[in-house]
Amino acid sequence: MAKKVIVQANLNDNDTEFLSEPRQSLLEVLRETLALTGTKEGCNDGNCGACTVMVDGRIVNSCLMLAVEAEGKKITTIEGIAQADKLHPLQQSFLEEAALQCGICTPGFIVAAKGLLDREPKADEHRVRHWLAGNLCRCTGYDKIIRAVLKAEKEL
Amino acid sequence: MAEKGAKARALAGGTDLLVQLRVKRYIVDRVVDVKHIAEMNELSYSDSKGLVLGAAVPCYRVYEDKHISAKYPGLYDSASLIGGIQIQTRAGIGGNLANAAPSADAIPSLIALGATANIAGPKGKRSVPVEHFCTGPGKSVLQDGELLVSMSIPPPQAKMGSTYIRFIPRNEMDIAVVGVGVSVVLNGNSIKSARIALASVGPTPIFATEAGNWLTGKAPTEDSVMQAAEAAKKAAKPITDMRGTIEQRIHLVGVLTKRSLLSAITRAKEAR
């Protein structure tokens, strides 16, 4: 086992230092070292998007990034989406539109959707569907998720 | 990397490598993050030198680049089709080439645009035309200790258009059943030159030289394009697997060659 490395990153607006083995994925370290279990492991090979986080404002699959690559980066996970005690409009609209059933894919969808709305606050339905193609949901059939994202756009 | 030879791999976007390491396709002692090497992050265009695309430049930088969408639309097509948005933040054209998958979406575009692969290693630097880069599924001319540093694409000729199209069973996020990348240069009312390259119909991406050469001097019409598509079908050597049969794939080569050529001709007419 290789020696652990100290990684400094900004995690959900807090400067953070953590230890990681070079081989560990960002997902593994978020969940197991930093106890941020909101980010979910689905396929662990980049197909499902359940582990989506933002790195320097762009969405990535945290299972396909090594934790040591987070050095100096700004990381946002689902835990950093709500503002103080208030849900983010995306979280609120997911509840109101019943855009989740089992909930495993939901953190990934919300972070991915935030990545879109930060960039393109008026994205149309086609664009939302295209943007979220890297996130899989086996329960909802997607329609409610798309409706929730379009509703959140109006709130923002 | 030279020290560890076959036991070392370069990490750029990691979207292929981390999965391959996890399923133990490669057992390595060293992974080298190449994203901090300036040359590998270069993305520059000039009308005299063309495009230099560092091997670690991720897809989003490719499709957000104004020069690439204007001058090399086929490469833009490929970069915006690889994976989903999450993958495109990390994965790049260089990794797509170095990974040497027969189904790679960027390689047909690179071949169609006449790209060369710039390689550095313990014995120095060398350049290889992209059509000679892949040697088998997951295999390339890269020797142990060698690194793909960048790709160079010559400046587009006047009235040049390029397109990449693939067939997949869903709308996004899938591996090409067949992919076709083409470039066409027009000269008045005839085709000056054309290059056609195919994905997922052989152990490596295939440069269908005869089909492209056949178009030289022909009128840019649907009839010419149909005949070139027939020639491209002869260059395809597909297998039957879970994604498609030999018959379906050969049929698709014809359909996609025709569509991509017609698209590239339209783009060439609009180009300066």
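Predicted model: local features only at pLDDT ≥ 70, side-chain atom pairs only at ≥ 80, totals over all residues.
Strands S3(B) and S4(B) run antiparallel and are joined by four bridges; a hairpin of three residues connects them. Strands (E, at least two residues) and helices (H or I, at least four) are DSSP runs numbered from the N terminus, and two strands pair if DSSP finds at least two bridges between them. Val52(B) also has a bridge partner in S9(B), namely Ser152(B). Strand S4 (residues 50–54) of chain B is linked to strand S9 (residues 147–153) of chain B by four bridges in the antiparallel sense, with Gly54(B) opposite Ser150(B). Because four of its five residues are buried, S4(B) is largely enclosed by the rest of the structure; buried means under 20% relative accessible area, with a 1.4 Å probe and protein chains only.

These strands belong to an open antiparallel sheet of five strands in chain B, ordered S3-S4-S9-S5-S6. Its edges are strand S3 (43–46) and strand S6 (124–129) of chain B, each pairing on one side only.

A further open sheet of chain B has four strands in the order S10-S11-S12-S13, again with antiparallel pairing. Strand S10 (160–167) and strand S13 (206–207) of chain B each have a single partner strand, so one side of each lacks a neighbour in the sheet.

Attention now turns to a pocket. On a 1 Å grid over the protein atoms alone, a pocket is an open set of points where a 1.4 Å probe fits, with protein on both sides within 12 Å along at least five of seven lines; lining residues have an atom within 4 Å of a point. The second largest pocket is lined by 27 residues, and the closest to its centre are Pro22(A), Arg23(A), Leu66(A), Leu21(B) and Val31(B). H1(A) gives the largest share of this lining, four residues.

Terms used:
Residues numbered from 1 in each chain as written. Chains lettered and ligands numbered in written order. Heavy atoms only, no water. Buried < 20%, exposed > 50% of the residue type's maximum accessible area, 1.4 Å probe, protein only.
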